[in-house]
Structure formats: C-alpha cells, structure tokens
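Visitor: I am new to this structure and would like to learn how to read it. Please show me the model, and then we can go through some features one at a time.

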Amino acid sequence: MGEWLKLTAEDGFELKAYRADPAGTPKGGLVIIMEIFGVNSHIRSVCDRFAEAGYSAVAPAVYDRIERDFEVGYSPDDIAAGREMKGKAGWDDMVKDSRAAFRLLADEGKKVGIVGFCMGGTVAWLGATRIEGMAGAVGYYGGQITQFLDEIPGCPALLHFGEFDHGIPLTDVDKIRQAHPDVPVNIYPADHGFNCDQRGSYHADSAKTAMGRTLDFFAKTIG
C-alpha cells in the first residue's frame with residue numbers, strides 16, 4: 001500500500017519516510033513516529049492501518065541523521081542495537097524531522113495529527129508542544145515525557161501506558177497526570193510495547209482498545 005519518499009527538514013537535512021494513503025479522499029494526515037527500531041515492518045504496517053482508516057500516514061526515518069536505512073526487529077540483539085541508536089538521537093533533531101513530515105501533509109491542505117510509539121511517544125508529545133498547527137497528538141508509552149512536563153501542548157493530546165511496563169513506572173505516569181490534568185491518560189493491563197504484534201509483549205485486547213480510542217480522538221480533532 002505504501003511507498004518510500006524523501007523529506008527535507010528545516011535545516012536542509014534530507015531523510016527518508018514511508019507513506020501510505022487511503023483509497024478514497026483522506027480525512028486528514030498523520031505523522032507516525034517510530035519506536036527505537038526504525039521504520040521497520042511493524043511501523044510500516046501501522047501506517048498502512050491508519051491509511052485503511054482514512055488517513056494519509058507518513059513515518060519519517062528519524063535515525064537517518066545517525067545511520068541511514070536502520071531497521072531491526074525485536075530480538076535481544078535488535079533491542080540492544082535500537083537502544084544504542086536511541087542514545088545517539090537528539091530530541092530537537094527528531095522534532096525537526098517530524099515537522100518536515102507535518103509540513104508535507106499540511107501543504108496538501110490536510111489537518112495533521114501525530115502519533116508515536118515508545119521513543120516516538122515522547123516525540124509525539126514534543127510534536128504537540130513544539131509544532132505549530134498540529135491538530136492532535138497521541139503518545140503510546142512515551143517514557144521520556146516526564147523530561148518535558150514544563151512544555152504545554154498547543155493541541156489536544158491523548159496518552160496510553162501499560163500498567164506492567166517495567167520501564168515506565170506508574171509514578172511517572174502520575175507525574176504526567178498531575179502536571180497536565182487536562183490530558184487524558186489511559187492505563188492498560190499490559191507491558192511496554194503492547195501495541196506491536198511482533199513483540200512478545202503484544203496484548204491484543206489493549207491494542208484494540210487503545211486504537212479505538214486513538215481513532216475516536218483523531219475523528220474529533222482531525223475529521
């Protein structure tokens with residue numbers, strides 16, 4: 001369904017992105033921000049699913065500034081490689097690359113939202129606070145959002161977390177709730193990565209419920 005294209009960020013850097021479009025007229029656009037594993041087959045399938053739901057979905061390869069075409073799965077070695085890449089990535093650069101995807105869709109006349117997973121969940125939060133014109137933001141298990149609690153979203157936001165996520169304690173989730181009581185925060189009986197059907201932590205019921213809430217949210221904020 002999708003295809004690869006090139007984006008140019010505001011600082012002139014050129015990066016790849018995966019794009020999927022619906023068969024009919026799009027309801028709007030969505031910027032999809034990857035986990036630490038690159039724009040891999042799972043993230044491409046997420047784009048495809050959002051396209052099936054009626055949105056033009058673009059996933060920028062935010063690791064291209066470090067290593068082009070980085071893409072791994074979910075084995076222990078892959079997780080280690082993903083964590084190493086995440087340690088080299090900069091939040092400001094990932095926002096620049098997200099903004100490039102946003103502008104591509106916005107220049108087409110679309111209302112645009114952002115949704116991210118894992119590392120991308122934090123980038124989605126920054127998309128809400130730093131990208132002017134963003135219509136809505138959804139973050140799945142964004143473990144570093146607590147670093148940016150002083151930033152105020154400029155659009156509606158929605159967050160999803162797993163109750164049994166050993167990397168994101170519920171005390172951190174409570175900090176987000178206290179700092180931003182107007183942002184809906186959903187907790188699921190699941191571990192980190194529960195939306196990814198290629199991971200051992202995949203939790204089908206939680207993934208289905210979270211996606212339903214996400215689509216309802218974008219139906220209200222985008223169309």
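Visitor: Is Arg199 buried or exposed?

Guide: A residue is called buried under 20% relative accessible area, exposed over 50%, and partly exposed in between (1.4 Å probe, protein chains only). Arg199 has 17% relative accessibility and therefore counts as buried. This is a predicted model, in which local features need pLDDT of at least 70, side-chain atom pairs count only at pLDDT 80 or more, and totals for chains, interfaces and linings use all residues. Residues are numbered from 1 along each chain as its sequence is written, and side-chain values use heavy atoms, with hydrogens and water left out.

Visitor: Where does Arg199 lie, and what is it in contact with?

Guide: Helices (H or I, at least four residues) and strands (E, at least two) are DSSP runs, numbered from the N terminus. Arg199 sits in the loop between strand E8 (185–188) and helix H6 (204–221). Contact means heavy atoms within 4.5 Å. Apart from neighbours within four places in sequence, Arg199 is in contact with Glu35, Phe37, Tyr74, His192 and Gly193.

Visitor: How do I read a pocket, and how much space lies in the largest pocket?

Guide: Rolling a probe the size of a water molecule over the atoms shows where empty space is left. On a 1 Å grid over the protein atoms alone, using a 1.4 Å probe, a pocket is an open set of points with protein on both sides within 12 Å along at least five of seven lines; lining residues have an atom within 4 Å of a point. Grid points are joined across faces, edges and corners, and a volume is the space filled by probe spheres set on the points. Here the largest pocket holds about 480 Å³ of space. It is lined by 21 residues, and the closest to its centre are Ile36, Arg83, Cys118, His192 and Arg199.

Visitor: What makes up the lining of the largest pocket?

Guide: The lining divides into 8 nonpolar, 8 polar and 5 charged residues. In this count Ala, Val, Leu, Ile, Met, Phe, Trp, Tyr, Cys and Pro are nonpolar, Asp, Glu, Lys and Arg are charged, and the others, Gly among them, are polar. Helix H2 (76–88) and helix H4 (119–130) each supply at least two lining residues. The largest share, 3 residues, comes from H2.

Visitor: What is the phi of Cys118?

Guide: Most residues other than glycine have a negative phi. Cys118 has a positive phi, near 60 degrees, and is not a glycine. Cys118 is in the loop between E5 and H4, and at 11% relative accessibility it counts as buried. Asp69 also has a positive phi, of about 65 degrees, without being a glycine. Asp69 is in the loop between E4 and H2, and its 54% relative accessibility makes it count as exposed.

Visitor: Why is H4 largely enclosed by the rest of the structure?

Guide: H4 is largely enclosed because 11 of its 12 residues are buried. Among them are Met119, Trp125 and Leu126. The cover over the buried residues of H4 includes E3, H2, H3, E5, strand E6 (136–140) and strand E7 (157–162).

Visitor: How is the span of a helix checked, and what should H4 span?

Guide: The expected span is 1.5 Å times one less than the number of residues in the helix. For the 12 residues of H4 this should be 16 Å, and the end C-alpha atoms are 16 Å apart, which agrees.

Visitor: Which residues of H1 are buried, and what covers them?

Guide: His42, Ile43, Ser45, Val46, Cys47, Asp48, Phe50 and Ala51 are buried in H1. Their cover includes strand E2 (14–20), strand E3 (28–33), strand E4 (55–60), strand E5 (112–117) and H6. After H1 comes Gly54, with a positive phi near 110 degrees.

Visitor: Which residues have the most contacts inside the largest nonpolar core?

Guide: A nonpolar core is a set of buried Ala, Val, Leu, Ile, Met, Phe, Trp, Tyr and Cys residues joined through side-chain atoms within 4.5 Å. The largest one has 79 residues, and Ile32 and Tyr140 have the most contacts inside it. Helix H3 (residues 91–106) gives the most to this core, with 7 residues. Leaving aside neighbours within four places in sequence, the contacts of Ile32 include Ile43, Val46, Cys47 and Phe50.
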